[in-house]
Amino acid sequence: MTNKIFCLGIITILLCNLLEGQTRFQKDTLYNNCFFNEALLLQHVKTLSSDAYEGRRTNSRGHEKAKKYIVNQFHLLNVLPFKENYEHFFSFKTSGKRYEGTNVLGLVKGTESPHKYIVISAHYDHEGIKKNEIYNGADDNASGVSALFSFAEYFKKNPPKHSVILIAFDAEELGLKGSKHFVESASVPHHKIVVNLNMDMISRSDNDELFVVGTRYNKTLKHLVSTFKQSNKIKLSIGHDGEDGKENWTHSSDHASFYKRGIPFLYFGVADHKDYHEPTDDFKNIHPEFYKEAVKTIILLFKKVDASRF
């Protein structure tokens with residue numbers, strides 16, 4: 001009897017260890033099986049933030065080059081043009097100067113709710129050239145735009161339930177003009193937009209912390225984020241929404257245009273760093289491992305959002 005009890009004890013320990021190992025494996029697999037090319041993700045940032053793109057200021061030569069790069073990537077990744085065209089033009093005036101802007105929109109059709117949309121966005125414009133110095137904007141916001149391409153890669157093997165509009169917004173730096181045009185143009189009726197996921201500065205953090213803003217304003221999103229199983233390589237923190245004493249980021253990027261129209265949003269971004277809006281915001285200063293994990297985290301949280309009802 002003693003030997004049987006001993007053997008049963010050994011078997012129990014082995015089963016527990018096996019189950020624990022499977023759980024760790026499943027969690028690791030969940031984060032490592034996101035179906036996007038990490039090397040390409042970094043290459044996109046490096047390209048878009050290179051001197052050849054001259055800081056991507058709206059209406060500049062480098063801005064035009066960036067726009068064409070985004071259109072080409074959407075095409076290569078089998079992302080459909082939204083309403084027959086990738087390029088959606090608009091004009092605006094600010095500080096006495098008239099600009100011609102272009103949002104780049106792609107569509108991935110949903111398998112279950114094709115007439116409801118999740119908008120995933122990132123702005124592609126930046127500060128351009130000032131006093132003969134190029135403001136390359138690697139973190140702000142080549143990082144967000146490049147993540148759009150990773151989403152497109154992911155959707156090739158993992159079609160979304162809701163239709164997804166991938167948008168590279170123009171003229172964010174000039175007052176969120178691109179996102180304002182999108183929501184005001186009624187390209188999609190507001191009641192058909194489930195949520196906006198906006199990415200702006202997601203590629204560097206000294207303490208591996210990515211903030212998510214917007215749960216304060218929607219109970220469903222608050223539940224989804226608060227119950228999200230995080231990677232152990234990154235900290236996803238709820239905050240910067242006006243309730244924690246930190247700077248309020250509710251109006252800090254293109255998600256604000258959706259918020260003002262009553263559309264739920266989640267904004268992903270990092271804390272400001274010494275290279276924010278400086279000519280030193282270069283590719284060499286991003287944190288590649290953090291960045292890759294941030295993109296994986298946002299994609300996995302998207303999966304939860306896509307599977308939910310609003």
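Reply: With a definition: two strands pair if DSSP finds at least two bridges between them. Keep in mind that this model is predicted.

Me: How many bridges join β2 and β3, and in what sense do the strands pair?

Reply: There are eight bridges, and the pairing is antiparallel. β2 covers residues 87–94, and β3 covers residues 97–108. T94 stands opposite K97 in β3. Two residues sit between the strands of this hairpin, and S95 takes a positive phi near 55°.

Me: Which residues of β2 are on the covered face, and which on the uncovered one?

Reply: H88, F90, F92 and T94 make up the covered face. E87, F89, S91 and K93 make up the uncovered one.

Me: Now the charges. What counts as a salt bridge?

Reply: A side-chain nitrogen of Lys or Arg within 4 Å of a carboxyl oxygen of Asp or Glu. The structure holds 12 of these salt bridges.

Me: Which residue does E87 meet in a salt bridge?

Reply: K67, at 3.2 Å, N to O. This pair links distant parts of the chain, strand β2 and helix α3, 20 residues apart. K67 also forms a salt bridge with E64, with the closest N and O atoms 3.0 Å apart. K67 and E64 both lie in helix α3, about one turn apart.

Me: Is K67 buried or exposed?

Reply: Buried means under 20% relative accessible area. K67 has 5%, so it is buried. E64, at 32%, is partly exposed. E87, at 27%, is partly exposed too.

Conventions. Residues are numbered from 1 along each chain as its sequence is written. This is a predicted model: local features need pLDDT of at least 70, side-chain atom pairs count only at pLDDT 80 or more; totals for chains, interfaces and linings use all residues. Side-chain values use heavy atoms; hydrogens and water are left out. Buried means under 20% relative accessible area, exposed over 50%, partly exposed in between (1.4 Å probe, protein chains only). Helices (H or I, at least four residues) and strands (E, at least two) are DSSP runs, numbered from the N terminus.
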